[in-house]
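Hi,

Here is the structure I said I would pass on.

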Amino acid sequence: MRLSRYFLPVLKENPAEAQIVSHRLMLRAGMIKQSAAGIYSWLPLGLKVLKNIETIVHEEQVKAGHLAMLMPTIQSADLWRESGRYDDYGEEMLRIKDRHGRDMLFTPTAEELITDIFRGHVTSYKDMPLTMYQIQWKFRDERRPRFGVMRGREFYMKDGYNFDLTKEDAMHAYNRHLVSYLRTYERMGLQAIPMRADSGPIGGDDTHEFLVLAETGESEVFYDSAVTDLTFGDRDINYDDKAQCQSIMEEFTTKYARTDETHDEALFAEVPQERRKVARGIEVGQIFYFGTKYSEAMGATVQDGDGKQVPVHMGSHGIGVSRLVGAIIEASHDDKGIIWPEGVTPFHCGIVNLKQGDAEADAACEDLYHQLTKAGLEPLYDDRNERAGGKFATMDLIGLPWRLTVGPRGLKNGVVELTCRKTGESEELTPQAAIAKVIAQYN
């Protein structure tokens, strides 16, 4: 992509309404524009990051054996009345009527709808276990939407639902999701700590939230600092291996880590004092096991091996895809702008032409652009007739991991400058060596 043909409405000044770093930088970098309170249009740069995150989520869900589907954003209130949640959910639910006067709602979550799908098609234990998920827009009418996409009313979310014959099988699904989420977040350059949490309106006794530590987090968290030393790494996972998934779950959840709703001072006191930490965290996902809460209420039963009709065991599992864009920025930025991890960056590399219109510089930039594109990468070429300082400021603001700077002086010596956004370190390399180094970062 050439910047002269791109829609990137960057702002020089900090927007007055933005209270936290991610909101401020997303507005300044031209990623989003507010449409109404807590509702945003995703502009081209923001949408690219959103879709990159979505792709990682899809890939890790498929690896775990989960099936993608898509449910509507509008649901019938009748299903929620069956489960008993229609009146209990509260004012966050946007209730509407269609032209025939039927009660409808804009989906805040989809346990009822997926249970209705399951009960209409699955009657035997032989068709289980089954886990399906979607990535879809949701709406919760927050009383005070704030912090940009971190606490908006409309949000993009992965929600998955498992159906199992027994609690043992359902807990394996729980562990399987925990493992897949650890992989998902690390691919995005995040350390998301699973913490014992409160189930809220979803229900159930077993639940963990995944939180990214950040000063602007909405939750107070208490944890053993040893959990921050844990990394998932490049493990070979067999998601059908119950023992392996259970072992990883225990590894990442045995040490103390809880949100303020479930914090236990007595248990926390057992952690060595030097490792007791209190901080703020941003929730980026949550997993639940709630047993037969919905299946019993809605008649989702199957015939077991003895010919008896039994309610299925269920769980739900969410990842805040749009919220992750803000969380990544909160965890990875400096005073110049965003610093995207390679896994989610909107463009793999920026190319800055220091003297647009100079025949040699133009040709060298075009060659870099085409070679990177040929290698399967997507560079952003700043081919505008602007001052060098303005070009550098834009690249720093939008946070691409690598920048290639091309100018007549360097070309006379046969070199271009390659700069790492994260460290700020630059080195002069031949164009071919610079291209090879950028390509190596993504292979």
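Arg85 is buried, with a relative accessible area of 4% (buried means under 20% relative accessible area, exposed over 50% and partly exposed in between, with a 1.4 Å probe and protein chains only). Arg85 sits in the loop that runs between helix H3 (77-83) and strand S5 (94-97); helices (H or I, at least four residues) and strands (E, at least two) are DSSP runs, numbered from the N terminus. Its side chain makes a polar contact with the side chain of Glu111, at 3.0 Å. Polar contact here means a pair of N or O atoms within 3.5 Å; within protein, one must be able to donate a hydrogen and the other to accept it, and residues adjacent in sequence count only if both atoms are side-chain atoms.

Before you read on: this is a predicted model, where local features need pLDDT of at least 70 and side-chain atom pairs count only at pLDDT 80 or more, while totals for chains, interfaces and linings use all residues. Residues are numbered from 1 along each chain as its sequence is written, and side-chain values use heavy atoms, with hydrogens and water left out.

**Gln136**

Gln136 belongs to strand S7 (residues 130-139) and counts as buried at 11% relative accessibility. Its side chain reaches the backbone oxygen of Met71 at 2.8 Å. Leaving aside residues up to four places away in sequence, Gln136 touches Leu70, Met71, Pro72, Thr73, Phe155, Tyr156 and Met157 (contact means heavy atoms within 4.5 Å).

**Helix H10**

In H10, Ala361, Ala364, Cys365, Leu368, Tyr369 and Leu372 are buried. They cover an arc of only 135° around the axis, so they lie on the same side of H10; the arc is that of the directions from the helix axis to the C-beta atoms. Among the elements covering them are strand S19 (349-353), helix H12 (408-412) and helix H13 (431-441). The face turned away from the buried side carries the exposed residues Ala359 and Lys374. At the N-terminal end, Asp358 caps H10, with a side-chain oxygen 3.2 Å from the backbone nitrogen of Glu360. Just after H10, Gly376 takes a positive phi of about 90°.

**Cores**

The largest nonpolar core has 69 residues (a set of buried Ala, Val, Leu, Ile, Met, Phe, Trp, Tyr and Cys residues joined through side-chain atoms within 4.5 Å). Its largest share, eight residues, comes from helix H5 (residues 167-187).

Cheers
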